Amino acid sequence: MDQSFDIVVVGGGHAGCEASRACARMGLRTVMITMNSDLIAQMSCNPAIGGIAKGHLVREIDALGGVMGEVADAVGIQFRLLNTSRGPAVWSPRAQCDKKQYRIQMKAVLEQEPNLRIKQAEVAALRIEDGRVRGVQLVDGRTIHCGAVIITTGTFLNGLAHIGERKFECGRNGEAPSVVLADQIRNLDLGWTRLKTGTPPRLDSRSIDWSKFERQSGDAEPTPFSFMTGRIDREQIQCFLGRTTPETARIIRESIGRSPLYSGQIEGVGPRYCPSIEDKFVKFPDKVAHQIFLEPEGRDTNEIYVNGMSTSMPIDVQAAVIASIPGLEEAEMIRPGYAIEYDAVDARELNHTLEVRKLPGLFLAGQINGTSGYEEAAGQGLMAGINAAQMVLGRPPVVIPRSEGYIGIMIDDLITKGTDEPYRMFTSRAEYRLRLRIDNADERLTPIAAEIGLATEERKAFFDRKREQVGRLMHAIQSSPQLGVLRRPETRIGEMMAWIEGVLGGRAERGVLMTVETEIKYAGYIDQQRRQIERMRGSDARPIPETMAFTGIPGISREVGEKLERVRPATLGQAARIPGVTPAAVALLDVYMSLASRA
């Protein structure tokens, strides 16, 4: 009944998929344990990948050798590059995906990995020996021994769904929650919290009057997520825009007492940036016309996702709200919206590798760390997988600095600040946005993938060709009259194609022109950010001894000392980012460390 693997991944969601493939590709015998192997990579909410800042995360995942971007490119049914009216630092790709095909394609990709096995089972407990995790015990009695465990359970830990006054235990609507494992995690002496997320109703497309909605088309030339996707030529579907009405507002306000959000039935904290429809009318009482988007869940289904109408209202209220919107008067609801609350661990219990500080060998990734969103989960899953593999292989950890990736920003935010609501990535969280663009994610991160064994030979060859072309074109432009031409705001590099192809001896690889144009037009700002990054690296390179006792440092207040003890920052830079730790306290800590090192 006993088996042995190098790595056990618990959960088959977006974090679990990335963690599993990363470990397997790095040469480790890996097993993914999921409660339903037919629902691997299930898109339980909106079947879309990317968006503002989230598209950056997917590009970075791809540059590191992850899988999300490749699958999204393969099954996307509408592609849009967002924020193009602003600067290139905040351009973000987004794709509406075919929900069913996404999980089918992801499972097929995972099943092609020779070192990966998928088992349908439920984990009952972690096996802990000598203060570290050594494996897992399954509900059916089997034991799996391993060198590291990665938990990526999403909303399944003590999951509780709400539809009006009704509430029922589940992981996602219709799936069983993970209660036994949740109870053990609650008893591990870790800080934890209760969070909430939600989803909107789904409608039957045949019952919608589409003439009353505004078309939202995809881009004529789709922008892929993966650097390895040459071109996306398939026909795209239409999405549609509508708005709520005064009647919608009246129905919700009269029924607000039946909302589990306002009756006190829901204890978990939900995301401010993605409020439910009832939250919108309560918190913005003067606004009546809230946007909703009707987005198909696939090419071969009639199911329509109502983006912007997340709700946990009773079903009769949901039906009335839907009917109050022009074009949805006769709409049939396939399934109602619901809210789900679940257990999450305080991410300040982890270090930057996503390993639990108090329990070596245990890594956490995804919503269990307090995040929300497929992309945030996938980024954490990839990094947890990389670092679990590095640990088992006896190699140094991989930590992405804030200056080198949104993935690094997300993990640093979680580890340093924690979160009191589901964490979502925004471009505003980045100090150096001009450095962290979608076009240069490979420049920043693919060398890491190559070093640790996650980059295929094909990816390395493409990366080398692109980097060589960027270097050659930058040199040619900077030593020619074309430099002055390209610096003009109204000039686009595409107007210089004949000259460029002459310089390169042929067509440029995808992404080369965007990188070169951005580096030329924003050269002054980029140089300024590079100097700022170098200064930040100085403080981030200043390590704090693991044995440092913060509460006894002269001049540092008890409150600040307790905050430092809680987070246990690894560097001076991390200490400076802890909320409530003042610049004066950081300066005192720096002096104290210098004096201690001379003693």
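In the hairpin of β12 and β13, which residue takes a positive phi, and how many residues sit between the strands?

Guide: Happy to! Bear in mind that this is a predicted model, where local features need pLDDT of at least 70, side-chain atom pairs count only at pLDDT 80 or more, and totals for chains, interfaces and linings use all residues. Residues are numbered from 1 along each chain as its sequence is written, and side-chain values use heavy atoms, with hydrogens and water left out.

Your residue is Gly164, with a positive phi near 60 degrees, and the hairpin has 2 residues between its strands. The strands here (E, at least two residues) and helices (H or I, at least four) are DSSP runs, numbered from the N terminus. β12 covers residues 160-163 and β13 covers 166-169; they run antiparallel, joined by 4 bridges. Two strands count as paired if DSSP finds at least two bridges between them.

Staying with phi for a moment: most residues other than glycine have a negative value. Asn83 is not a glycine, yet its phi is positive, about 70 degrees. You'll find Asn83 in the loop between β5 (76-82) and β6 (92-97). Arg568 also isn't a glycine, and its phi is positive too, near 55 degrees. Arg568 belongs to the loop between α18 (558-567) and α19 (572-576), and is partly exposed at 23% relative accessibility. Buried means under 20% relative accessible area, exposed over 50%, and partly exposed in between, using a 1.4 Å probe and protein chains only.

Gln42, in the loop between β3 (30-34) and β4 (48-50), is buried at 14%. Apart from its neighbours within four places in sequence, Gln42 is in contact (heavy atoms within 4.5 Å) with His14, Lys99, Arg103 and Arg172. Arg488 is in the loop between α14 (482-486) and α15, and with 43% relative accessible area it is partly exposed. The C-alpha atoms of Arg488 and Lys521 are 7.7 Å apart, although 33 residues separate the two along the chain.

Next, find the open sheet. Six strands are in it, in the order β16-β17-β18-β19-β15-β20, with antiparallel pairing. β16 (214-216) and β20 (333-335) have a single partner strand each, so one side of each has no neighbour in the sheet. From one strand to the next, the twist averages 35 degrees; axes are lines fitted to C-alpha atoms, for helices over the stretch in contact, and angles run from 0 to 180 degrees between N-to-C directions. β15 (residues 202-204) pairs with β20 over 2 bridges, and Leu203 is opposite Met333 in β20.

Last stop: the second largest pocket, with a volume of about 1,100 Å³. Glu221, Arg510, Gly511, Leu513 and Met514 are the closest to its centre among the 39 lining residues. On a 1 Å grid over the protein atoms alone, a pocket is an open set of points where a 1.4 Å probe fits, with protein on both sides within 12 Å along at least five of seven lines, and lining residues have an atom within 4 Å of a point. The volume is the space filled by probe spheres set on the points, which are joined across faces, edges and corners. α16 gives the largest share of the lining, 6 residues.
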